[in-house]
Amino acid sequence: MSWPLFLARRLAALVAVLLVASFLVYGLLYLVPGGPMAFLLGNRSGSPEQIAAIRHEYRLDDPFLIRYFGWLGDALRGDFGQSLVYRQDVSDLMSTRLATTGLLVLYATVIIVVAGVGLGVLGALRRGTVDAVISLVNSIFLATPTFVVGVLLVIVFALGLGWFPVFGPGAGLPDRLYHLTLPAIALSLGSAAFLARITRASVGEELRREHVETARSRGFSQSHIVRRHVLRNASIPVVTVTGLTVAGLIAGSVVVENIFALDGLGSLLVRAILQRDFAVVQGVVLVLVTAFVLINLAVDVCYSLIDPRLSPGEAT
Amino acid sequence: MKARLGPLGLATVLLLGVLAVVTACAPLLAPQDPNQPDLFNALAGSSGTHPLGGDALGRDVLSRLMFGARTTLLGPLFTIVLSTAAGTVLAVTAAWAGGRVDAVISRLLDVLFAIPGIVFALVTVAVLGPGMTGVVAGLAVAYTPYVARVVRSAALRERNLPYIAAAWVQGRSAVAICSRHLLPNLRPIIVAQSVSALGFAIIDVAAISFLGLGVQPPTADWGLMVKNGLDSAVRGQPMEAVSAGVLIALVVVAVNLLGDRLGRQEGDLR
């Protein structure tokens with residue numbers, strides 16, 4: 001497949017996914033028992049004027065499809081409507097929280113790459129006890145849900161040892177990073193374990209290849225062989241898996257933010273669901289799905305760029 | 001099969017067996033009423049009558065763990081049964097019909113696959129209100145492509161084998177061939193895939209309960225116990241959070257090991 005065709009197909013798929021996702025998010029509101037009015041009013045009882053105002057604001061008297069496309073058009077321009085609880089624009093609510101979630105995901109990504117690749121390479125090079133210990137720890141972290149890791153980290157390192165703050169986002173960049181350390185570790189451990197497993201398998205496979213044997217027989221040092229001949233070739237699956245796990249962090253951040261009482265998109269979403277603040281739910285879900293889909297697309301493109309032997313899209 | 005079980009396999013089977021018994025017989029086995037508050041036992045440590053102490057309301061943690069096994073395990077089980085049924089029907093239909101039907105079903109599955117499962121479940125919970133129904137409905141849909149993709153490619157391979165053509169020549173109907181011949185041959189792959197999906201489902205359901213959007217109090221649930229246990233831990237009693245959290249992790253390890261084993265056996269058969 002040629003590059004333009006590949007990109008066109010991927011972009012078409014991306015648009016399709018986002019259309020379906022937005023349609024689901026918008027349409028489900030109308031499946032609620034009692035209809036959209038019950039939702040928009042929530043537990044509050046409204047005066048006739050308020051009800052009329054809501055009907056007008058949400059264009060409830062228009063046909064469904066016209067309403068949907070109207071909402072979608074506004075959303076594309078960054079207007080997700082108004083929160084019923086906060087009486088603020090949803091886009092404003094989201095933009096202040098986007099930084100926290102973004103920083104958390106970025107921090108976790110750094111931990112995943114450093115710890116995952118490091119431990120994976122170590123396990124592949126030091127077969128025996130070191131490898132066995134790393135593999136065991138990996139299997140434990142792979143199976144432990146993020147929220148359990150998070151709560152255990154709080155109990156041990158914040159409440160028990162007192163090394164880290166228990167809750168809250170902190171102020172100023174160094175303090176924020178300090179506050180985000182435990183959340184980022186909680187978010188990253190499972191993915192780091194997964195990446196370590198993939199790296200170990202990939203490096204181990206590469207070590208057994210003939211060109212490595214040749215390099216060794218020509219007397220190159222071990223570190224030269226590992227750096228120049230093994231890691232480069234082993235990096236392709238590692239990059240793919242890294243991208244996929246980073247996409248997965250978006251869902252994980254919803255949980256982690258709630259453990260550590262961080263003011264991010266995830267805690268905004270959960271609070272909005274509990275308060276039946278549907279405009280916020282729609283906006284946050286749409287942003288999360290978009291980020292998820294975009295990262296997956298970036299991974300696909302990277303994959304084809306890194307390995308010139310593959311024509312674009314062959315990996316998928 | 002029993003000869004190849006090994007110590008790890010034996011431990012897995014034992015753990016899952018004990019859990020099944022506890023889940024079924026919780027009312028007989030639990031030492032205390034799981035919903036009976038007792039302020040003298042609030043945040044209490046381990047004692048003879050309360051081996052794992054009490055929670056913030058003084059309810060017996062061990063009894064709540066036993067009853068909690070029901071919601072914690074039955075929710076994901078129900079999710080996987082639904083998504084396996086839906087996924088298998090879609091996959092076999094796509095593989096059998098081919099052409100445009102296959103294309104439509106495959107695209108649909110691709111789109112569903114592109115939305116994170118837990119986010120999907122949060123949307124259905126937002127619509128149906130907090131509770132197990134919304135969680136199971138959302139996750140069942142979100143997990144459908146996970147089963148369907150693998151089953152579809154296996155069904156495509158199987159469909160081209162001569163025995164299917166032979167049955168077709170004999171004049172059997174498509175439904176009869178699929179249900180009597182195709183499905184039994186696909187069963188190992190369906191079972192292996194749905195067991196490995198079960199591990200993910202347990203994590204997702206527990207996570208949503210932890211967020212307070214799944215099972216509602218006072219019903220006992222492990223995810224909810226980790227949530228409440230975090231507050232108790234802040235007040236100095238980490239036993240509830242730790243015991244519920246470790247149990248969730250253990251169950252997921254056991255289910256994953258079982259899934260790996262079934263997957264490998266499936267690989268050996270090919």
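How many helices and strands are there in chain A? In this predicted model, chain A has 12 helices and 0 strands. Its sequence accordingly reads as an α-α-α-α-α-α-α-α-α-α-α-α pattern. The C-alpha trace of chain A spans about 85 × 55 × 35 Å along its principal axes. Of the 316 residues in chain A, 39% are buried.

On the chain A side, 36 residues are in contact with 31 residues of chain B. Five elements of chain A give two or more residues each to this side: α1 (3-27), α7 (146-160), α10 (222-259), α11 (265-274) and α12 (278-306). The residues on the chain A side comprise 34 nonpolar and 2 polar, with no charged residue.

In chain B, helix α5 covers residues 132-159. The helix has 28 residues. From first C-alpha to last, α5(B) reaches 38 Å, close to the 40 Å expected at 1.5 Å a residue. A bend of about 30° lies at B:Y143, shortly before the proline B:P145.

Definitions and conventions. Residues numbered from 1 in each chain as written. Chains lettered and ligands numbered in written order. Predicted model: local features only at pLDDT ≥ 70, side-chain atom pairs only at ≥ 80, totals over all residues. Helix = DSSP H or I, 4+ residues; strand = E, 2+ residues; numbered from the N terminus. Expected span 1.5 Å × (residues − 1). Bend = angle between axes of the 7 residues up to and from the residue. Contact = placed C-beta atoms within 7 Å. Nonpolar A, V, L, I, M, F, W, Y, C, P; charged D, E, K, R; others polar. Buried ≥ 20, exposed ≤ 12 C-beta atoms within 10 Å, placed from the backbone.
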